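Take a look at this model.

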Amino acid sequence: MKSTGQSILRNGTGWLLPALIILLWEFAARTGLISPNVMAAPSAVAEAFWRLLLSGELVRNIGVSTARALSGFVIGGSIGLFFGLANGLSGLSRNLTDTTLQMVRNIPHLALIPLVILWFGIDEEAKLFLVALGVFFPIYVNTLLGIQSVDPQLVEMGRVYGMSRTTLFFRVILPGALPAIFVGLRYALGIMWLTLIVAETIAASSGLGYMAMQAREFLLIDVVVLSILIYALLGKLADSFARLLERLTLQWHPAFQTA
Amino acid sequence: MSVIALNPKPDVPVKTARETAESRALRETTPTQWFPYATPQQRERDTRENAFSFRGISRKFGDKTVLDNIDLDVPAGQFIAVIGKSGCGKSTLLRLLTGLDKPTAGTLTVNKGENDENRTRIMFQEPRLLPWAKIAKNVEVGLTGIAKGTDAREKSLAILNEVGLADRAEEWPSVLSGGQRQRVALARALVAHPYILALDEPLGALDALTRIEMQQLLERIWLQQRFTAVLVTHDVSEAVALADRVIVIDHGKIALDLDIPLERPRRHGSPELARLEGQILDTLFGEKSG
């Protein structure tokens, strides 16, 4: 086991580069290398952050965006997981739906934005629909792949030892598919934010994307930069959460063993 | 430790496709000549019912006949080894026995043990442990539908102790060596006290020294538990070192059915073993000239 000091150091090294970039950026802004019309200085962004935090606008917008992202993720993710499991376990289901799903997958889901706006206007449904659609495919494809790549020898072993279908699923098939499902989960989280940003930038009346677009209207470049940074942080947060889940559930995997 | 399951096969004539003079002489030697210490009780034990019988069993895959009209009776408690070149159908025989495959023709009777002891277990060439379950949990897979909770845990720890891995119960399979994993697989197969244990070249992938260790472990546990063991192997010396009886399968038929009435524990490289080994190899690679 690594000592805590070492692990802090190791986690800290990842933040060295961003910190250095911020320092250089501040320096360039202060010395006039970067015009304030092009890019706000980090200190200006920090001021904007403080201002919006105090007004409650920031918290409200982050809350709205996160709620949208997560509900879209839950809807799309569970449908993707359902189809992935069904098509992995049943040949009939796969023959029936896989071709259709693969065709839909090849349509860039953001290309549907005009249609979605026509259908749902700029209300919540539009964003939920787009996020769910974007999240669906990485989860579906990787769940299916995970189940199909479960070692058939282990399945045979489970059968010989008299496991029922349910036991076989929970003891052998699902744990075997889990690493691939996690890959899908992490892809999906990335797509979740991406979709939401685009959707909120184009058509919204609240949320981080809306905040950024409003700021652009009034040339508040510090707020625009702030929104972008918050997206980066939220994305990183979601990914860290997925990694934590991965570490907790895949302890058996040699890649996650720390001893 | 010198109790040996004799193999009188009282009511069933031994069907051997090609019996050499030597094997007949061996078989006709009275058991007491070999084992003066064999008591009547032991003989009685060995005339128990058959653990399983193959009657005219054939298995075809398309046009290819893998097993051709096989007749085989194995008394309960016997340790039988099945030898053959690769592709001769010896693994198919095991898959039929364990119900993983169905014969094309013939009848297969697997007798029930006492109470609900009708458990045929198979140990594969690979350990086939669940990588996401700790060692003890993997052994508990062998108790699926038989025991649960603390009962299952106790049984699995007891058998792990038997194979010398009790201290590894809470570890992941990925940290064990190949031989240790195969020992866990053995524990999993044995934890429910099987009536028949089918072994499909379980030691084939191990290095020579680990293999001898595993053979000794297998023999020791078999002597304690007295299940019927069916060992499929391509290692002739392993077969004669472990088995009471060796059958050789060639072109889908039983080419040789040979008793190995030697005292246990057997010493590797002893002249008797070498002689029997030679006889089996002769059957495998054509008749000997002399």
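Arg95(B) forms a salt bridge with Glu156(A), and their closest N and O atoms are 2.8 Å apart. Keep in mind that this is a predicted model. In total, two salt bridges are counted between chain B and chain A. Polar contacts link five residue pairs across the two chains, with both residues at pLDDT 80 or more. On the side of chain B that touches chain A, E5 and H7 of chain B are the elements that give two or more residues. By class, that side has eleven nonpolar, three polar and six charged residues.

How many residues does the contact take from each chain? Chain B gives 20 residues and chain A gives 16 residues. The area buried between the two chains is about 1900 Å². Carbon and sulfur atoms give 64% of that area. In chain B, the residues that lose the most area to chain A are Arg128(B), Trp132(B) and Trp172(B). Together they make up 35% of what that side buries.

Now the sheet. Chain B has an open sheet of six strands, in the order E5-E6-E7-E3-E8-E9, with mixed pairing. Strand E5 (120–123) and strand E9 (253–259) of chain B each have a single partner strand, so one side of each is left without a neighbour in the sheet. From one strand to the next, the twist averages 20°.

Within the sheet, strand E3 (residues 79–83) and strand E7 (residues 228–233) of chain B run parallel, joined by five bridges. Ile83(B) stands opposite Thr233(B) in E7(B).

Helix H7 (residues 178–190) of chain B lies across E5 and strand E6 (196–200) of chain B. The helix runs at about 175° to E5(B).

How values were computed: Residues are numbered from 1 along each chain as its sequence is written. Chains are lettered from A and ligands numbered from 1 in the order in which they are written. This is a predicted model: local features need pLDDT of at least 70, side-chain atom pairs count only at pLDDT 80 or more; totals for chains, interfaces and linings use all residues. Side-chain values use heavy atoms; hydrogens and water are left out. Two strands pair if DSSP finds at least two bridges between them. Helices (H or I, at least four residues) and strands (E, at least two) are DSSP runs, numbered from the N terminus. Axes are lines fitted to C-alpha atoms, for helices over the stretch in contact, and angles run from 0 to 180 degrees between N-to-C directions. Contact means heavy atoms within 4.5 Å. Buried area is the accessible area (1.4 Å probe) that two parts lose on being put together, summed over both. A salt bridge is a side-chain nitrogen of Lys or Arg within 4 Å of a carboxyl oxygen of Asp or Glu. A polar contact is a pair of N or O atoms within 3.5 Å; within protein, one must be able to donate a hydrogen and the other to accept it, and residues adjacent in sequence count only if both atoms are side-chain atoms. Ala, Val, Leu, Ile, Met, Phe, Trp, Tyr, Cys and Pro count as nonpolar, Asp, Glu, Lys and Arg as charged, and the others, Gly among them, as polar.
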